[in-house]
Amino acid sequence: EIVPFHLAKRMLSIDDDLFYRETLRHFYLAQPRANKWEHTNIDAIRSEATVALAAYIREGKSQARRSQAANLLGILGLALAATDDPGQRLRFLLFASREFRGALTFDQSNEDAKFNLELALRLLKQQPTSTGGGAAHGPGRGGGAALAKPGSGY
């Protein structure tokens, strides 16, 4: 840099862009669709992606990008829900649905988050309860999808 104190970066307002791109890079490297048994160290990479996405949600300046980051964090939760342990599956599905709802608080027009929330809620309904049959009840279940008006889709 020629100008001291990162003045050029601040004048161009690229700090948030760089922060977001680095966050997206972490998500890409986490390979949410990859089988964790086929890749070494994928759990550590997914943990780094989770931390990076949470940091952007907390500190990012753009509401639309914060919504996308929350949606991507929910997608990581869905990927982690692909486990044989029913307790862990339920925990990750609840986590994913909470992140998708969070994405919609930042940007109510985020169609990806609406679709993913609906998917997570359907998967939650299919989870057995600890007492035996039926759909699970508790946080994140029932009552319409997110912030949309009833009957408006998704």
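Visitor: At what angle do the axes of α4 and α5 cross?
Guide: This is a predicted model. In it, the axes of α4 (residues 63-80) and α5 (residues 86-106) cross at roughly 170° and come within 8 Å. The two helices are therefore roughly antiparallel to each other.

Visitor: Which residues of α5 make the contact?
Guide: Among them are Phe 92, Phe 95, Glu 99, Phe 100 and Phe 106. On the α4 side, the list includes Gln 63, Arg 66, Leu 73 and Leu 80.

Visitor: And how many of the contact residues are nonpolar?
Guide: 12 are nonpolar, with six polar and two charged.

Visitor: Now the core. Which residues touch the most other members?
Guide: Leu 53, Leu 76, Leu 78 and Phe 100, in a largest nonpolar core of 25 residues. Helices α2, α3, α4, α5 and α6 each supply at least two residues of this core.

Visitor: Switching to charges. How many salt bridges?
Guide: Five in the whole structure. One of them joins Glu 22 and Arg 25, at 2.9 Å from N to O. Those two are three residues apart in helix α2, so about one helical turn separates them.

Visitor: What about Lys 114, buried or exposed?
Guide: Lys 114 counts as buried because its relative accessibility is 19%, under the 20% cut-off. Lys 114 forms a salt bridge with Glu 111, with the closest N and O atoms 3.8 Å apart. Glu 111 is partly exposed, at 37%.

Conventions:
Residues are numbered from 1 along each chain as its sequence is written. This is a predicted model: local features need pLDDT of at least 70, side-chain atom pairs count only at pLDDT 80 or more; totals for chains, interfaces and linings use all residues. Side-chain values use heavy atoms; hydrogens and water are left out. Axes are lines fitted to C-alpha atoms, for helices over the stretch in contact, and angles run from 0 to 180 degrees between N-to-C directions. Helices (H or I, at least four residues) and strands (E, at least two) are DSSP runs, numbered from the N terminus. Angles under 35 degrees count as roughly parallel, over 145 as roughly antiparallel, 65 to 115 as roughly perpendicular and the rest as oblique. Contact means heavy atoms within 4.5 Å. Ala, Val, Leu, Ile, Met, Phe, Trp, Tyr, Cys and Pro count as nonpolar, Asp, Glu, Lys and Arg as charged, and the others, Gly among them, as polar. A nonpolar core is a set of buried Ala, Val, Leu, Ile, Met, Phe, Trp, Tyr and Cys residues joined through side-chain atoms within 4.5 Å. Buried means under 20% relative accessible area, exposed over 50%, partly exposed in between (1.4 Å probe, protein chains only). A salt bridge is a side-chain nitrogen of Lys or Arg within 4 Å of a carboxyl oxygen of Asp or Glu.
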